[in-house]
Amino acid sequence: MPKITLTNVTKQWGKFIGVNNLNLEIEDGAFVTLLGSSGCGKTTTLRMIAGLETPTEGEIRFDDRIVFSSKKNINIPPARREVGFLFQNYALWPHMTVTQNIAFGLETLKWRKDDIKARVAEMLRIMRIEQFAQRYPAELSGGQQQRVAIARTLAPKPRVLFMDEPLSNLDAKLRGEMRTELKRLHKDTASTFVYVTHDQLEAMTLSSKICMMNEGVLQQYAPPLEVYNHPANLFVADFVGNPSMNIVEAVAKKGAPAAAEIDFLGRKALFEAGADFDLDSENVSVGIRPEFLPISPAGDIEGLAYSTLPAGMETTVKIKVGDTILSSVVFGAIDYETDEPIRFSVSGSGILLFDRSSGQNIAVGRLTILK
Amino acid sequence: MKKTALLAAMILCLSLLIPTFASAETDVQKAIAEAASMSWDELLAKAQAEIGDNELHIYSNTSRVKEDTFTAKTGIKIVTQNPNDSQIYEMLEQEVGNNVYGADVVLLQDCFMLTNFAIASGWLENYTPEEYKACILESDQNPLVVVYLNRLFFYNDGGSKDARLFTNVWQFTEPEFKGTEFKNPMDEKSSMNFLISLTSEKWQARLAEAYKSYYGKDWENTGAFANISYEWIYKFLMNCTFVSKDSTIASDIAGGAAGSSGLFVFSKLRSVDASNITVCANDGIEGFAGLMYPIYGMVAANAKYPYAACLYINYLLSEEGYNNIFGSQMGTYSVNNTIGISENAKSYGDQPLSFWQDCLVFEDAEHVQNVYFEAFDQIQQWCASK
Amino acid sequence: MVQAMNKSDKKGQKRVGNLLYAVKSYFSVQANVLIVLFAVLLLVLTVYPIYSVIRSSMTVGKMEAMKYNQLLHTKLSDGDLTFLNFQTLLTDKASFWKPLWNSLRMSAYASLIAILVGGTFAFLITRTDIHFKKFFSSVFIFPYIMPSWTLALVWKNVFANSRVGTGVVGMLESLTGICVPPWVVYGIFPCALVMGIHYAPFAYILIGGTLRNMDANLEEAATILQASRGRILRKITVPIVMPALFSTVLLVFSSTMASYAVPVFVGSPGNFFVLSTRLSSLYNTMATKGQAFVMTIVLILFGVMLLGINLWFTGKRKSFTTVTGKSGQVSYIRLGKANKIVAAVLAIVLFFIAIFPIISFALESMCEVQGDYSTLTLKYWLSREDIGGFAVNAGHGILFNGMIWQALWGSLKLSLIVSLIVGTCGILIGYAVARKRGTRLAGLVSGLAFFPYLVPSMAFGAIFLAVSTRLTFLRGTLLLLVIVGAIKYLPFASRSGTNSMMQLSGEIEEAAVIVGASWLKRMLRILFPIQKSSFISGYLLPFISCMRELSLFVLLTTSGTLITTLLSYFDEKAVTQMSNGINLLIVIIVLLVNFTINKLTGASIDKGVGGN
């Protein structure tokens with residue numbers, strides 16, 4: 001299994017820049033998710049790695065083998081990159097049966113007839129679609145079509161498997177099931193998966209590393225929990241996590257090393273980080289995950305219960321403090337009266353400090369409200 | 001230096017001019033001149049030697065020229081192409097005009113175009129064999145007419161052969177007899193030339209006579225029309241119905257109500273049930289009974305096989321050739337006055353060319369030449385305003 | 001300084017290298033190769049005819065010069081440049097503006113009728129459970145297979161009555177005594193209707209193709225949202241079939257504008273004159289030929305305008321991709337009790353527009369006296385001797401007539417070669433245009449491919465006659481006919497190719513790219529089979545048109561080479577039995593080809609339309 005390296009990859013259509021100077025290293029056997037909203041360049045990136053799109057500039061390597069280089073005029077066609085690609089709309093060939101769909105790629109690769117037969121049978125079994133072998137795609141449900149598409153993609157044993165929002169056409173329940181199966185498939189096939197999605201939950205739950213993109217620019221490339229806990233900037237912080245992170249605008253003054261005094265929701269607070277940091281400007285944003293705002297009668301700050309959303313296992317409480325509305329997630333079911341006064345604190349060591357103008361993360365630490 | 005350049009230029013100019021003077025007579029012209037005085041056998045030998053196993057190319061606006069009797073007789077293979085007449089002129093312009101070989105023999109109609117376009121441009125040469133000069137009217141010898149075709153007024157007599165529904169050509173201009181079917185002069189050159197020929201003094205007089213007999217008074221020039229012919233033409237055009245095919249006109253009249261009328265080529269009569277159809281000429285209609293137009297036979301100026309071309313035209317003028325190609329049908333008349341009409345044609349009431357001479361409007365090359373564009377423009381406007 | 005030079009040298013090299021690389025990588029994509037190739041090819045093959053048309057419209061010929069000199073006292077000579085042709089024609093109300101207005105009305109009505117008839121039919125076939133689908137579907141294309149004037153003939157035979165024209169009693173009157181008013185028999189009404197019905201198969205093929213390939217879920221989704229049927233049709237179905245509708249309008253409108261036979265047949269007797277009939281008159285008179293080219297330019301401009309609208313639609317990135325490879329099931333609307341009634345009405349209409357003309361061809365080929373069925377004879381088919389009588393030199397009966405078989409073979413050969421070339425080019429153009437959708441080059445190619453359609457056949461033939469006097473090696477060869485036919489009929493194939501390629505999502509092909517299927521294999525194994533039926537109609541339409549084309553080829557080939565040139569021979573000889581018989585033969589051959597292809601490939605023009 002190869003390691004995929006993208007060096008300074010740029011894709012331009014006329015004046016429009018789709019992907020801007022992207023550097024990325026996808027480790028062997030990783031499950032990397034390209035995450036971002038539509039139009040952020042994630043699909044383009046995927047298609048460039050697969051060879052379906054030609055970058056305007058840059059270099060792409062599979063291990064030491066250059067599959068694309070604008071400088072060296074190399075552009076290996078997709079088929080010779082030995083990759084698999086799972087399309088958003090499955091792209092099953094409507095005039096072929098399930099078996100023919102799966103066998104087509106193997107025939108193209110000039111496999112022996114017996115091997116093809118065996119491999120198709122194996123794929124049908126793995127994907128649990130044996131009974132549909134002779135059906136046409138039109139005669140299958142969406143979920144079944146998805147399985148056929150996966151079977152077809154995996155059949156030639158690709159070294160890398162690319163997936164372009166493969167679950168977006170499925171209903172919520174099927175999507176959940178397929179996620180589980182994809183994760184198992186990743187383990188079973190031991191191949192590298194590169195996965196495009198705009199669903200942060202999918203990215204969080206599936207991947208070994210998330211590549212967060214916005215407007216063609218890489219925002220952060222890190223394992224899911226790191227992206228969650230230490231987002232590189234406000235954009236990532238806001239995109240990942242549900243309910244979204246609370247972003248509170250505040251004024252900060254550098255105090256002792258690795259600490260700052262902060263004007264937070266009208267209160268004085270002390271921010272203490274694990275390491276020293278610099279403040280370029282006193283205008284900062286404080287990022288607090290909802291789970292770091294525990295509600296208790298002894299809380300430091302007072303607010304009003306703006307709205308309560310119990311989901312059974314946990315409850316999201318929207319708290320109104322002045323003009324700001326914060327989200328807090330509480331384990332278990334609680335129900336507050338609307339506009340009931342409640343108190344809450346800021347807890348934990350995962351409070352984030354961002355520079356407001358650049359949006360960059362400055363420090364991670366704890367926030368203590370001063371009495 | 002200047003002088004030598006001038007001299008060189010002058011020599012160049014002269015050398016460009018000399019060939020045109022030197023070759024006052026082309027090979028084709030020479031061959032035609034020779035062929036004109038040859039007997040059939042001499043010409044045949046010359047043509048066979050010239051063409052060998054190759055094909056003689058013929059452009060003809062009548063597709064009747066497809067017969068292999070010529071080949072059977074002479075051993076000379078022919079290939080025909082049947083564009084309509086304006087297309088033939090186009091082909092002559094493109095081909096002979098660029099000295100690209102296309103055809104040897106050209107059969108075509110429209111006296112005005114032939115004279116002013118094709119012959120004036122030097123694309124066609126005339127061949128009139130000496131042996132036939134005596135039996136062809138001099139006016140038909142240059143350019144040579146090979147055959148005449150007519151288009152006659154017919155009407156549905158409702159089954160009574162002595163109905164005499166149309167006795168005067170002015171009837172066709174009366175609303176009472178509206179809808180005489182006629183081929184649009186804008187599409188059919190013989191219709192156009194017929195109307196233009198009609199404006200000659202001869203036909204003005206004829207129309208005036210008929211006018212007087214029909215309306216019981218002399219025609220007066222109110223100034224609306226240049227002469228009586230134009231009045232007839234205008235009223236006829238406004239009164240008639242344009243139909244595109246002779247066969248349609250024939251079947252419209254055959255199946256139509258008594259009194260329906262139209263002009264179509266005589267030969268089309270044979271494809272419909274003619275029992276209810278009367279040809280106006282038989283009723284001795286006053287004025288005229290239709291029109292007659294010639295098909296000319298010419299040799300292309302850049303013919304590859306001029307002797308064979310002459311041989312073919314010669315064949316068309318002979319009794320055997322005429323009968324093989326046109327003979328059995330009515331409405332077709334050899335320009336060779338020793339050849340009569342067939343028994344077949346007689347059974348449909350056809351008459352020899354001499355009979356038609358007086359009652360049909362012949363395409364009048366001389367008159368057409370004089371008034372063509374004025375008349376054409378006028379007729380075009382009337383047709384469009386219909 | 002040396003260093004600086006080196007540097008700039010390297011820079012230059014790099015620039016050249018980059019350019020080379022850009023070119024190389026551009027052409028490593030097949031769609032790019034194709035689009036450039038066709039852009040160049042079409043530019044050469046269509047720009048020249050257009051240039052010729054424009055030049056001819058501005059130069060006076062010998063006869064024109066004579067006319068202008070005599071009438072307008074100008075001093076022009078052969079070949080002079082002038083705007084007089086424009087001036088003369090464009091200021092002539094009676095022979096230009098009136099027929100133009102007539103043409104526009106007729107074409108608009110014909111397009112509307114074609115869309116209504118063909119669209120309704122397509123809807124019935126693809127979306128309802130109507131009886132005898134297969135039969136209806138294959139019969140519906142007959143009107144297109146037959147020359148348009150046959151339908152006009154049928155119209156006249158049925159509706160002519162004692163109050164119209166010469167008073168020939170038509171079928172309707174003889175059966176019921178009803179006399180329809182004159183405007184039903186002659187004039188704009190029958191012209192538009194006949195043209196509309198003649199081209200309705202276009203609408204059926206194009207609209208039906210989209211409807212059949214369209215995910216029924218799209219409609220069902222709207223049904224669930226409780227939209228009314230009318231609303232679904234208006235808001236969902238119509239917008240999705242919009243490209244097909246536009247293609248239909250484009251083809252029908254320009255075809256009708258250029259159509260000659262029908263307006264002459266049922267228009268002129270009602271004093272209804274259109275641009276094409278005027279154009280033909282002007283064209284066939286040397287002294288007015290230049291004006292005919294001015295008219296041709298007007299026709300082309302209208303075509304370009306329509307094309308512009310069409311391009312604006314397909315060119316927008318707005319995706320009309322319907323075949324994604326994620327297929328939904330099609331559910332048919334149940335007609336229930338209405339089924340029988342609808343089927344019966346359809347059967348009657350189809351009988352008159354599709355079957356009746358064929359029967360009348362057959363009968364007329366067997367009547368000794370036209371229309372008199374007591375004189376039936378098979379001699380015009382079976383005689384092993386010369387027919388004799390008046391039909392002198394007509395040769396043997398049709399079935400034993402060497403001349404006819406030779407010409408038939410000539411037409412068949414030409415049509416097959418032309419359709420193979422044109423159909424394949426159409427698919428490739430469709431592929432290239434669909435893949436490069438939205439780019440200027442794609443717009444150019446798809447526009448250029450349509451141009452030949454706008455140049456009237458007569459003029460087109462003449463232009464290539466002129467070409468052949470310069471490239472003499474082409475003269476009289478099959479190659480010349482093939483080239484002319486191929487260019488003239490390319491629009492059919494490129495339309496159907498583009499339409500069907502537009503419906504295929506890129507993913508369908510990319511799924512095969514990924515597993516290393518070569519471009520050829522992708523075309524042959526994936527793209528072609530999926531849209532097999534529409535592609536095959538891209539082969540069949542040129543075939544049919546070519547089989548019955550005369551005016552395009554008449555200047556370029558000797559008579560007897562093609563069956564249509566022979567047809568006019570029998571016409572002129574007034575052996576109508578033979579010409580009717582030959583017409584029947586042409587129709588039967590086209591139907592046989594259609595049927596054979598249907599049996600062999602499972603595709604045909606009618607079902608054209610794409611089912612599996």
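1. In this predicted model, chain B contains 16 helices and 12 strands. Its radius of gyration is 24 Å, which is close to the 21 Å given by the globule rule for 386 residues, so chain B is as compact as a globular protein of that length. The C-alpha trace of chain B spans about 80 × 55 × 35 Å along its principal axes.

2. Two further values describe the packing within chain B. Of its 386 residues, 56% are buried; and when contacts in chain B between residues at least 6 apart in sequence are considered, 76% of them join residues at least 24 apart.

3. As to how the chains are arranged, there are two pairs of chains in contact, and of these chains B and C share the most contacts. Chain A and chain B, by contrast, do not touch, and their nearest C-alpha atoms are 49 Å apart.

4. The contact between chain C and chain A takes 25 residues from chain C and 29 residues from chain A. On the side of chain C that touches chain A, helix 1 (2-27), helix 23 (506-514) and helix 24 (519-530) of chain C each supply at least two residues, and helix 23 of chain C gives the most, with six residues. Sorted by class, the side of chain C that touches chain A has 11 nonpolar, nine polar and five charged residues.

5. Chain A is divided into domain 1 (4-236) and domain 2 (243-369), and the C-alpha centres of these two domains of chain A lie 38 Å apart. Where they meet, seven residues of domain 1 of chain A are in contact with nine residues of domain 2 of chain A. The side of domain 1 of chain A that touches domain 2 of chain A is made of four nonpolar and three polar residues, with no charged residue.

6. One open sheet of chain A has five strands in the order 2-1-4-5-6, with antiparallel pairing. Its edge strands are strand 2 (16-26) and strand 6 (74-75) of chain A, each of which pairs on one side only. Within this sheet, what is the sense of the pairing between strand 1 (residues 4-13) and strand 2 of chain A, and over how many bridges does it run? The two strands of chain A pair in the antiparallel sense over seven bridges, and A:V9 stands opposite A:L22 in strand 2 of chain A.

7. Another open sheet of chain A is formed by six strands in the order 7-8-9-3-10-11, and here the pairing is mixed. Strand 7 (83-86) and strand 11 (217-222) of chain A stand at the edges with a single partner strand each, so one side of each is left without a neighbour in the sheet. From one strand to the next, the twist averages 15 degrees.

8. A parallel pair is found between strand 8 (residues 160-164) and strand 9 (residues 192-197) of chain A, which are joined over five bridges. In this pair, A:L161 stands opposite A:F193 in strand 9 of chain A.

How values were computed: Residues are numbered from 1 along each chain as its sequence is written. Chains are lettered from A and ligands numbered from 1 in the order in which they are written. This is a predicted model: local features need pLDDT of at least 70, side-chain atom pairs count only at pLDDT 80 or more; totals for chains, interfaces and linings use all residues. Helices (H or I, at least four residues) and strands (E, at least two) are DSSP runs, numbered from the N terminus. Ala, Val, Leu, Ile, Met, Phe, Trp, Tyr, Cys and Pro count as nonpolar, Asp, Glu, Lys and Arg as charged, and the others, Gly among them, as polar. Domain bounds come from an automatic or database domain assignment. Two strands pair if DSSP finds at least two bridges between them. The radius of gyration is taken over C-alpha atoms; the globule rule is 2.2 Å times the number of residues to the power 0.38. A residue is buried if 20 or more other C-beta atoms lie within 10 Å of its own, exposed if 12 or fewer, and partly exposed in between; C-beta atoms are placed from the backbone. Axes are lines fitted to C-alpha atoms, for helices over the stretch in contact, and angles run from 0 to 180 degrees between N-to-C directions.
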